[in-house]
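Work through the exercises below with the sequence and the model open. Each task is followed by a solution in steps.

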Amino acid sequence: MKIPEKTQVFLLIVLCTLVLLAPGTIRTLQKNPLPYGAETAYASRILQQNQYDPVQERPTTFNLLFYGVSRISFMEQAMLLKLLPFVLGMLSMLMLFLLLRKERNYLFIIFLFIASPVFIYVFSSLNALSAIIFLNLLGFFIFLQKRGWLSCFVFAIIPFIDVLAFFLTAILLMSYAVYQKYKIRDVYIIIVVSLLPLMYMITQNTISIHQYFDLTGIHELFVEFGVLAGISLPLLILAIIGIAIKWPQQRLLFAAYLLLILFFIGAMYSTMITIYLGFLLPFFGGFALRYFLERKWSIQVLRNITLLLIFCSLLFSVISFVDQTTQEKPNPEMVHALTILKDFSDKQELVFSSPQNGFFIEKYAERKAFLDGKSYEYPDYTIKKETYETLIASRNFETTSALLEKNNIQYFYIDTQMKQQLWNNREDGLLFLLMRSRNFVRIYASADIEIYQYVKLSEQQNI
Amino acid sequence: MKVGKHEIILAVIFCLVLTARLLLAFSSSEFTFESYFSIRQIEHIKETGLPLYHDALSYGGREYFFPPLFHYLLAGFSFLIPFFYTLKIIPNIFAASLVLIVYFFSLKLTENRTVALITCFFAGFIPIFLAESLSVSLESFYLPVFFLILYLCVDMTEKNITIILLLTIVLVLTSAISIILVISLLLYLLFTKIEGMSPSKREVEVVLFSTFLAVWANLILYKKALIAHNVLIITQNIPTTIITQFFSNLTFVESFYTIGIVTLLLGLYGIYYALKTKKKEAFALTSSVATFFVLLLVKLIPLHIGLMFIGIALVLLSSLALKEIMEKLSNVKFTKAPSTFIAFILMLFIGLTILPGLSLTVNTAIPTAEEKEAWLWLKENSPEDATILASEVEGHAINYYTHRKNVIDTNFLLVRDIDKIVSDVHTLYATPFLTEALPRLQLYHISYIMMSPRITEHMNIEKLQYGDARCITPVYTTTITIYKVGCDENS
């Protein structure tokens, strides 16, 4: 039974709406209406700043998305931060629909696209990825309309949001060109022209191209292991089955297979690559879904149960992921603690915590964080990282106090997650000193959060 | 099915195996240490209808999660048969059923009833399986189910498919071993494809169904553990020191004895024969051997589990070797060659496998009468919220007999910092200094410390060196000593 195209679009919009609004709605029902994610906290704070971060006292790298959003004056910022990712998600879904509607598997691919945790993560909170993915789809759409020169303008925007994203886009573009046997020279021209504005900005020192790569384990790839920006295991299995089905056409899809493997390896180094991988998997998973539906099964009951299981596994991943987002920071307890810190401390005082808490400290306590999610873009990052690791591990008060004084650290924000991840719930390293030394005064404590102040005592008091 | 001579012999072998198992099981009134976890679960199901997922005694209080079907089954049987006899008899019936499964599987592989009978005899007496499945153990149930599924996959009639689906659900509700079944089946499809034999439609469909069922069910069942332990869930969060111990306690040669030299050699020849003749039915077994071998190599599964599966698979593959030998011998002028060979191989098996295997069985760790007495004394003479320090091996038995908390046992899933706990327990036994022991005694709220010959051997110590400290008082002294801990920060 063929569903009319308008009905298809309507159903996809409904599904998209449900999926994207779920995290925010559930959080609100749980009395935590704050949008989740450190990136959102950063974006909401930095939007109004003009390339300078007054809290961290450092210049910010130019980000075209934030610049564009900050220029929107007809809507309140809080509403904008909630609405923009949703709108980008819808537009991305529609763009994908337009891109793929002539493909046999398009409905399955779009369904898997919407039902993937990566889609929810990217488009349910404001972050650079939502614009990047939309621009990718728009650029590909225009490129496939044989207007390569026009697509340059779209692709040229991407490096101003994230440079790595542009290189990943370039790889996808070249792979697609090889698959469709386009003139590879034309693709090179598009890529080079798109890069020209970025090159200019680099020469003018108005943009940084630092990227953060950190080798993580394979468990950091899957949402089932508690990772927020990760891929879904059932979707990966579907994609593998899709590849196995398409294997006889290996010459055509060789580039795609190679790409998937490279992206899989790269995903262990960068969240950006994980996200791209998460958006590639539905293309192959769509083959598998169509295959299961159209195949003549020898036992009909087995077909129905298998399809039900596939649907349940995908649904489980989505529900699991949405459940995770509802537990994500910030929460009212965290905001309350940071507000108290703000009242207690002075503007110039520095707060030590894990980098994952950095943006929240800057947003809600309006205090400088020792490390945050953008620190890697600055030249002193390596030294700061070493200092951070030394402080976390050291039980020697002299070593610790020397570093604290050198870096002018006055406050410590410690939560349950840090205790688990950094010290395995043991009184070790910095936690040992915070709890045992008289030089650290606990100024706030709740079920999950403790805030300490470093107090220099005289030599006699130290004995 | 017509009852002929072979069927009667099969029934005799089954009865022989079951009798041997029951004799060994009833030779002691106790159960293996591991069994006490299951026994507590079964008792709780009988009382409340639900498994004991929140346990106030294990590790001083913790959450479990595990698929409870096996425990429900035994709880169900215990309403018909007295509890003690249920625990002794039913797991052994499950384990003995492997004989029947191996017979039919072997018959399918070789189409030779005599070879199938020899193979099922071998299967009944694989030393490691015999030793590990005499008591209340999950392996006694899921191992036969696993091989039954493999057999039915190889003999995939329409009727069998329904049974396969049901058994896969049973396996998923019993143990995470269902994931390994799926890997074996996927490998089987791959092997058949590589060898140029296309898998049948039914085979592909059944494997796809099993894959999605196992993945989905395990994602739901182990969701908390996945988040808590990440990739370590594959090793069930077993501490690295204990995994290493598994592998270092058994030498390469000794591990062959646990499978049986005869079955090992014949099984390896069977693998070669299967690959040479491209026998599709044997690929399912070869893929299982390969899967478990790789998992053992990377130490992702406990040694005894891997050896059990490999042992049974090799027994089945040995039927191919036996068949080829018998066929060659039947062409020999000496007409009694085949029967002489059968007699010879059986004698060899009894001498080289069953007899050494019996010693493995006899040495299986079960509580001694002295240990039981000491625990019962603790139950009568300690406060209800007391915590008892012993090795992880005795943990479940301590919970069962004393109704008191333990510091550590062998159920490691969902336990945070397990390596640290293992290290602390070892330090508590090995350290000569009370000052080193004291913070740990307080951290785990330890009220009593057990010292037994088993613990001294396990911990590789002679005595509790700080046992004569003022605040450490021996309150029970036989071959086992129990110390009461009365230390505080000022001690």
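## Exercise 1: a residue and its surroundings

B:Val172 touches B:Pro67, B:Ser178, B:Leu213, B:Ala214, B:Ala217 and B:Leu221, when residues up to four places away in sequence are not counted; contact means heavy atoms within 4.5 Å. The model is predicted, so local features need pLDDT of at least 70, side-chain atom pairs count only at pLDDT 80 or more, and totals for chains, interfaces and linings use all residues. Residues are numbered from 1 along each chain as its sequence is written, chains are lettered from A and ligands numbered from 1 in the order in which they are written, and side-chain values use heavy atoms, with hydrogens and water left out.

Task: In which helix is B:Val172 found, and is B:Val172 buried or exposed?

Solution. 
- Step 1. B:Val172 belongs to helix α8 of chain B, residues 158-172. Helices (H or I, at least four residues) and strands (E, at least two) are DSSP runs, numbered from the N terminus.
- Step 2. The relative accessible area of B:Val172 is 3%, so B:Val172 is buried. Buried means under 20% relative accessible area, exposed over 50%, and partly exposed in between (1.4 Å probe, protein chains only).
- Step 3. B:Val172 and B:Ala214 are 42 residues apart along the chain, and their C-alpha atoms are separated by 6.2 Å.

## Exercise 2: a residue in chain A

Task: Which residues is A:Ala165 in contact with, leaving aside its neighbours within four places in sequence?

Solution. 
- Step 1. Locate A:Ala165 in helix α9 of chain A, residues 163-180.
- Step 2. With a relative accessible area of 0%, A:Ala165 is buried.
- Step 3. Leaving aside neighbours within four places in sequence, the contacts of A:Ala165 are A:Ile132, A:Ile158, A:Met272 and A:Tyr276.
- Step 4. From A:Ala165 to A:Ile275 the C-alpha to C-alpha distance is 9.9 Å, and the two are 110 residues apart in sequence.

## Exercise 3: backbone angles

Task: What is the phi of B:His445 and of B:Asn460, and where is the cis peptide bond that ends at A:Pro330?

Solution. 
- Step 1. Start from the background: most residues other than glycine have a negative phi, and most peptide bonds are trans.
- Step 2. B:His445 is not a glycine, yet has a positive phi of about 55°. Its place is the loop between α21 (434-443) and β5 (448-451) of chain B. B:His445 has a relative accessible area of 60% and is therefore exposed.
- Step 3. B:Asn460, also not a glycine, has a positive phi of about 60°. B:Asn460 lies in the loop between α22 (453-459) and β6 (472-477) of chain B, and counts as exposed because its relative accessibility is 70%.
- Step 4. The cis bond runs from A:Lys329 to A:Pro330, with omega near 0°. A:Pro330 sits in the loop between α14 (300-327) and α15 (332-344) of chain A.

## Exercise 4: the interface

Task: How many residues does the contact take from each chain, and what area do the chains bury between them?

Solution. 
- Step 1. The contact takes 30 residues from chain A and 24 residues from chain B.
- Step 2. Chain A and chain B bury about 2,600 Å² between them, with 75% of it on carbon and sulfur atoms. Buried area is the accessible area (1.4 Å probe) that two parts lose on being put together, summed over both.
- Step 3. In chain A, the residues that lose the most area to chain B are A:Phe225, A:Leu309 and A:Phe316, together 22% of what that side buries.
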